[in-house]
Amino acid sequence: MTTEALIKLFRRDLNKLKEEINAYQNEKNLWISNDMISNSAGNLSLHLVGNLNHFIGATLGDSGYVRQRELEFSLKDVPRAELMTQIDDTIISVESVINKLSEADLQKEYKRRVSEDYMTTEFFLVYLTMHLAYHLGQINYHRRLLDN
């Protein structure tokens with residue numbers, strides 16, 4: 001896999017995330033959760049931004065980003081405009097870091113936890129694209145079910 005393909009996938013889905021967030025007719029509905037839907041679209045957006053800025057920006061790019069994962073799920077009513085800014089900043093960070101990776105960098109081991117099996121940086125970046133797509137699908141369903 002090339003860095004160009006990874007950037008294309010991240011850019012596509014992060015821009016789709018912006019489209020989904022902007023498609024909510026009522027901004028307050030971004031933050032709806034209940035017993036059956038425990039994560040709101042707003043919190044999933046914060047989670048995706050935190051996840052990518054941590055694993056790509058900070059870990060691979062040494063950006064200095066400090067993740068506060070618990071806030072990704074506990075913050076509420078972050079304005080839509082702020083979510084858009086955070087997503088835009090994440091696109092810039094992801095593209096910048098991945099653009100600097102060589103083929104040798106992609107084949108290096110990426111170790112998140114001691115107990116995990118061996119994986120390359122390339123494999124983990126593909127995993128992160130799938131994680132983004134998974135939550136993007138949840139946000140799409142959340143919007144279509146709860147934003148009427």
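**Close-up views of helix packing in a predicted model**

**Figure 1. Surroundings of Ala41.** Apart from neighbours up to four places away in sequence, Ala41 is in contact with Ile21, Tyr24, Leu30, Ile139 and His142. The model shown here and in the other views is predicted. Ala41 lies in helix 2. Its relative accessible area is 0%, and Ala41 is therefore buried. Ala41 and Gln138 are 97 residues apart in sequence, while their C-alpha atoms are 7.8 Å apart in space.

**Figure 2. Helix 2 along its length.** Helix 2 covers residues 41-58. Its 18 residues should span 26 Å at 1.5 Å a residue, and the C-alpha atoms at its ends are 24 Å apart, which agrees. Of these 18 residues, 17 are buried, so helix 2 is largely enclosed by the rest of the structure.

**Figure 3. Helix 2 against helix 6.** Helix 6 is made up of residues 121-146. The axes of helix 2 and helix 6 are 10 Å apart, and the two helices pack at an angle of about 170 degrees. An angle over 145 degrees counts as roughly antiparallel, so helix 2 is roughly antiparallel to helix 6. On the side of helix 2, the contact is made by Ala41, Leu44, Ser45, His47, Leu48, Asn51, Leu52, Phe55 and Ile56. On the side of helix 6, the residues are Phe124, Leu125, Leu128, His131, Leu132, His135, Gln138, Ile139 and His142. Sorted by class, this contact of helix 2 with helix 6 holds eleven nonpolar and seven polar residues, and no charged ones.

**Figure 4. Helix 2 against helix 4.** Helix 4 runs over residues 80-99. The axes of helix 2 and helix 4 come within 10 Å and cross at roughly 25 degrees. Angles under 35 degrees count as roughly parallel, and helix 2 and helix 4 are therefore roughly parallel to each other. Their crossing is left-handed. Helix 2 contributes Gly42, Ser45, Leu46, Val49, Leu52, Asn53, Ile56 and Gly57 to the contact. These meet Leu83, Gln86, Ile87, Thr90, Ser93, Val94, Val97 and Ile98 of helix 4. The contact of helix 2 with helix 4 divides into nine nonpolar residues, seven polar and no charged.

**Figure 5. Helix 4 and its buried residues.** At 1.5 Å a residue, the 20 residues of helix 4 should span 28 Å; the C-alpha atoms at its ends lie 29 Å apart, which agrees. Its buried residues are Arg80, Leu83, Met84, Ile87, Thr90, Ile91, Ser93, Val94, Val97 and Ile98. Helix 1, helix 2 and helix 6 are among the elements that cover these buried residues.

Figure 6. Arg80 lies in helix 4. Its relative accessible area is 15%, so Arg80 is buried, given that buried means under 20%. Leaving out neighbours within four places in sequence, Arg80 is in contact with Ile21, Asn22, Ala23, Tyr24, Asn26, Glu27 and Leu30.

**Figure 7. Helix 1 against helix 6.** Helix 1 consists of residues 3-23. The axes of helix 1 and helix 6 cross at roughly 15 degrees and come within 10 Å. Helix 1 and helix 6 are therefore roughly parallel to each other, and they cross in a left-handed sense. The residues of helix 1 in this contact are Leu6, Leu9, Phe10, Asp13, Leu14, Lys16, Leu17, Glu20, Ile21 and Ala23. In helix 6 they meet Leu125, Val126, Leu128, Thr129, Leu132, Ala133, Leu136, Ile139, Asn140 and Arg143. By class, the contact of helix 1 with helix 6 has 14 nonpolar, two polar and four charged residues.

**Figure 8. Surroundings of Glu20.** Glu20 lies in helix 1. With a relative accessible area of 3%, Glu20 is buried. Residues up to four places away in sequence aside, Glu20 touches Leu136, Ile139, Asn140 and Arg143.

**Figure 9. Position of Phe123.** Phe123 lies in helix 6. Phe123 is exposed, with a relative accessible area of 52%. In sequence, Phe123 and Tyr110 are 13 residues apart, and in space their C-alpha atoms are 8.5 Å apart.

Methods: Residues numbered from 1 in each chain as written. Predicted model: local features only at pLDDT ≥ 70, side-chain atom pairs only at ≥ 80, totals over all residues. Heavy atoms only, no water. Axes fitted to C-alpha atoms, helices over the stretch in contact; angles between N-to-C directions. Helix = DSSP H or I, 4+ residues; strand = E, 2+ residues; numbered from the N terminus. Parallel < 35°, antiparallel > 145°, perpendicular 65-115°, else oblique. Left-handed = near helix turned anticlockwise from the far one by under 90°. Contact = heavy atoms within 4.5 Å. Nonpolar A, V, L, I, M, F, W, Y, C, P; charged D, E, K, R; others polar. Buried < 20%, exposed > 50% of the residue type's maximum accessible area, 1.4 Å probe, protein only. Expected span 1.5 Å × (residues − 1).
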